[in-house]
Amino acid sequence: MEKVLEARGLLKDYVSRGVFKSTTVRALDNISFSLENNKIYTILGESGSGKSTLAMVIAGLTDYQGEAKLFDREIKEWAGQDRLGFCRAVQIVFQDPLASMDPRYKVSEFFNEALSLHYPKATKKEKLSLIEKTLSDVRLSLDVLPKRPHQLSGGQRQRVSIARALILRPRLLILDEITSALDRETQDRVLGIVKEIFNRRKGLILMITHDLDVAEKVSDWIILMRGGRIVEISPKGKFFEEPVSEYGRELLSLRLQ
Ligand SMILES: Nc1ncnc2c1ncn2[C@@H]1O[C@H](COP(=O)(O)OP(=O)(O)O)[C@@H](O)[C@H]1O
Ligand SMILES: [Mg+2]
């Protein structure tokens with residue numbers, strides 16, 4: 001089995017400097033795991049447990065101590081030396097698509113910006129056909145291209161964000177709480193699309209959520225976090241039937257109430 005993503009003794013501290021003293025929050029505390037290709041892993045944990053920090057480390061967006069390797073390359077070095085190549089390998093989608101979309105841009109411009117940067121030699125026709133194919137993967141038509149972010153529904157916006165990540169054909173796709181701001185029905189639709197994409201393209205998907213229902217719908221494996229640590233890594237079926245950790249049992253019993 002090909003190991004895609006490995007962490008060993010991964011640490012991340014946030015230091016806030018005050019006037020008299022600094023305070024340190026250890027957001028990731030000795031994280032170790034080894035993740036295989038062609039699986040959907042869900043990082044599950046309450047707010048503040050360190051999920052987004054882990055996502056930022058893996059997406060090469062923040063510094064860290066310890067080891068974090070993607071395809072055997074240390075992430076901070078790869079992201080530092082070859083930003084474009086690293087971005088093609090790893091893409092991340094966040095909860096709030098509006099925060100990462102310039103409101104003045106049309107959807108077409110989001111795609112063209114990424115394509116011009118990564119595939120400067122592609123012709124207009126090639127770009128359009130790639131955009132069309134990627135939009136159809138998230139069940140959108142070319143009709144969205146002339147629209148601006150606020151002219152789309154929440155679900156459409158999130159699907160545009162997923163498409164913008166997918167168009168670079170990343171080998172690792174990180175989805176950080178992408179359905180948390182959506183109503184149940186839209187959430188199910190987006191999760192269904194994630195599964196379809198995975199079945200077609202494979203690769204490694206890291207879903208991040210605080211929601212047990214979301215975790216149960218899409219994952220192959222559950223990585224349970226608490227207070228910056230991993231407390232359990234189990235196959236999904238096992239986790240939802242008989243979790244190994246005390247904390248996992250506690251979460252599931254609260255859910256049944
Ligand atoms: N930029 C930051 N500066 C200082 N502390 C932070 C920062 N980002 C996150 N934290 C702290 O790190 C911990 C983990 O946060 P986060 O990774 O956002 O968790 P989650 O995504 O699971 O809600 C929390 O205690 C949070 O307050
Ligand atoms: Mg978060």
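Because the model is predicted, local features are considered only at pLDDT of at least 70 and side-chain atom pairs only at pLDDT 80 or more, whereas totals for chains, interfaces and linings use all residues. Residues are numbered from 1 along each chain as its sequence is written, while chains are lettered from A and ligands numbered from 1 in the order in which they are written.

The protein chain contains ten helices and ten strands, where helices (H or I, at least four residues) and strands (E, at least two) are DSSP runs numbered from the N terminus. Along the principal axes, the C-alpha atoms of the protein chain fill a box of roughly 55 × 45 × 45 Å. Of the 257 residues, 35% are buried; a residue is termed buried if 20 or more other C-beta atoms, placed from the backbone, lie within 10 Å of its own, exposed if 12 or fewer do, and partly exposed in between. Among the contacts with a separation of 6 or more, 67% join residues 24 or more positions apart, a contact being a pair of residues whose C-beta atoms, placed from the backbone, lie within 7 Å.

The shell around ligand 1 consists of Y14, S16, V25, A27, G45, S47, G48, S49, G50, K51, S52 and T53, each with its C-beta atom, placed from the backbone, within 6 Å of the ligand. Two or more residues each are given to this shell by β1 (3–17), β2 (22–36) and α1 (51–58), and the largest share, three residues, comes from α1. By class, the shell comprises three nonpolar, eight polar and one charged residue, with Ala, Val, Leu, Ile, Met, Phe, Trp, Tyr, Cys and Pro counted as nonpolar, Asp, Glu, Lys and Arg as charged, and the others, Gly among them, as polar.

Helix α5 (residues 124–137) has 14 residues and reaches 20 Å from its first C-alpha to its last, close to the expected 20 Å, which is 1.5 Å times one less than its number of residues. The buried residues of α5 are I131, T134 and L135. They lie on the same side of α5 because they cover an arc of only 100° around its axis, the arc being that of the directions from the helix axis to the C-beta atoms. On the other side of α5, K125, E126, S129, K133 and S136 are exposed, whereas the cover over the buried residues includes α4 (107–118) and α6 (154–166).

After α5 comes R139, which lies in the loop between α5 and α6 and has a positive phi near 60° although it is a residue other than glycine. R139 counts as partly exposed, because it has 15 C-beta neighbours inside 10 Å. E177, also not a glycine, has a positive phi of about 55° and is located in the loop between β7 (172–176) and α7 (184–201); with 20 other C-beta atoms within 10 Å, E177 is buried.

In strand β8 (residues 204–209), I205 is buried, with 23 other C-beta atoms within 10 Å. Apart from neighbours within four places in sequence, I205 is in contact with I40, L173, L175 and F198. The C-alpha atoms of I205 and N37 are separated by 8.7 Å, although these residues are 168 residues apart along the chain.

Conventions: Contact = placed C-beta atoms within 7 Å.
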